[in-house]
Amino acid sequence: MVKNSFISIISQEEKEENKGSVEFQVLSFTNKIRRLTSHLELHRKDYLSQRGLRKILGKRQRLLSYLSKKNKIRYKSLITQLGMRESKIR
């Protein structure tokens, strides 16, 4: 497992202040997703981890759709920082 691939965009001081912000939550979900993905590459039949990954993906998707509805500028900057594709809005 490669630990350098995890994202540390937010500094330590900002982590202390903004743990409830949408950006921080999306960032932590993205780190969990990358960690679980690397785990599932080694353990393909770990179905409980697959289920957890799907749940985290859904949570992150809901947060991103909320952010895109509330503030497009923050959404666009977060997507570019994380290197993600823009999702389709329902």
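User: How many helices and how many strands does the protein chain have?
Analyst: This is a predicted model, where local features need pLDDT of at least 70, side-chain atom pairs count only at pLDDT 80 or more, and totals for chains, interfaces and linings use all residues. Residues are numbered from 1 along each chain as its sequence is written, and side-chain values use heavy atoms, with hydrogens and water left out. Helices (H or I, at least four residues) and strands (E, at least two) are DSSP runs, numbered from the N terminus. From the N terminus on, the order is α-α-α-α, and the count is four helices and zero strands.

User: Is Leu-64 buried or exposed?
Analyst: Leu-64 lies in helix α3. Contact means heavy atoms within 4.5 Å. Not counting residues up to four places away in sequence, Leu-64 touches Val-26, Tyr-75, Leu-78, Ile-79 and Met-84. Its relative accessible area is 2%, so Leu-64 is buried.

User: How far apart in space are Leu-64 and Glu-23, C-alpha to C-alpha?
Analyst: In sequence, Leu-64 and Glu-23 are 41 residues apart. Glu-23 is among the buried residues of α2. C-alpha to C-alpha, Leu-64 and Glu-23 are separated in space by 8.8 Å.

User: Which elements do the buried residues of α3 pack against?
Analyst: The buried residues of α3 include Leu-53, Ile-56, Leu-63, Leu-64 and Leu-67. Ser-49, Arg-60 and Ser-68 are also among them. These buried residues pack against α2 and α4.

User: At what angle do α3 and α4 pack, and is α3 oblique or roughly parallel to α4?
Analyst: Axes are lines fitted to C-alpha atoms, for helices over the stretch in contact, and angles run from 0 to 180 degrees between N-to-C directions. Angles under 35 degrees count as roughly parallel, over 145 as roughly antiparallel, 65 to 115 as roughly perpendicular and the rest as oblique. The axes of α3 and α4 are 6 Å apart, and the angle is about 135°. That makes α3, relative to α4, oblique.

User: How many nonpolar, polar and charged residues form the contact of α3 with α4?
Analyst: In α3, Leu-64, Leu-67, Ser-68 and Lys-70 meet Lys-72, Arg-74, Tyr-75, Leu-78 and Ile-79 in α4. Ala, Val, Leu, Ile, Met, Phe, Trp, Tyr, Cys and Pro count as nonpolar, Asp, Glu, Lys and Arg as charged, and the others, Gly among them, as polar. The contact divides into five nonpolar, one polar and three charged.

User: How far apart are the end C-alpha atoms of α2?
Analyst: The expected span of a helix is 1.5 Å times one less than its number of residues. The 21 residues of α2 should therefore span 30 Å. In agreement with this, the end C-alpha atoms are apart by 31 Å.

User: Does Gln-81 count as buried or partly exposed?
Analyst: Gln-81 sits in helix α4. Its relative accessibility is 49%, so Gln-81 counts as partly exposed.

Terms used
Buried < 20%, exposed > 50% of the residue type's maximum accessible area, 1.4 Å probe, protein only.
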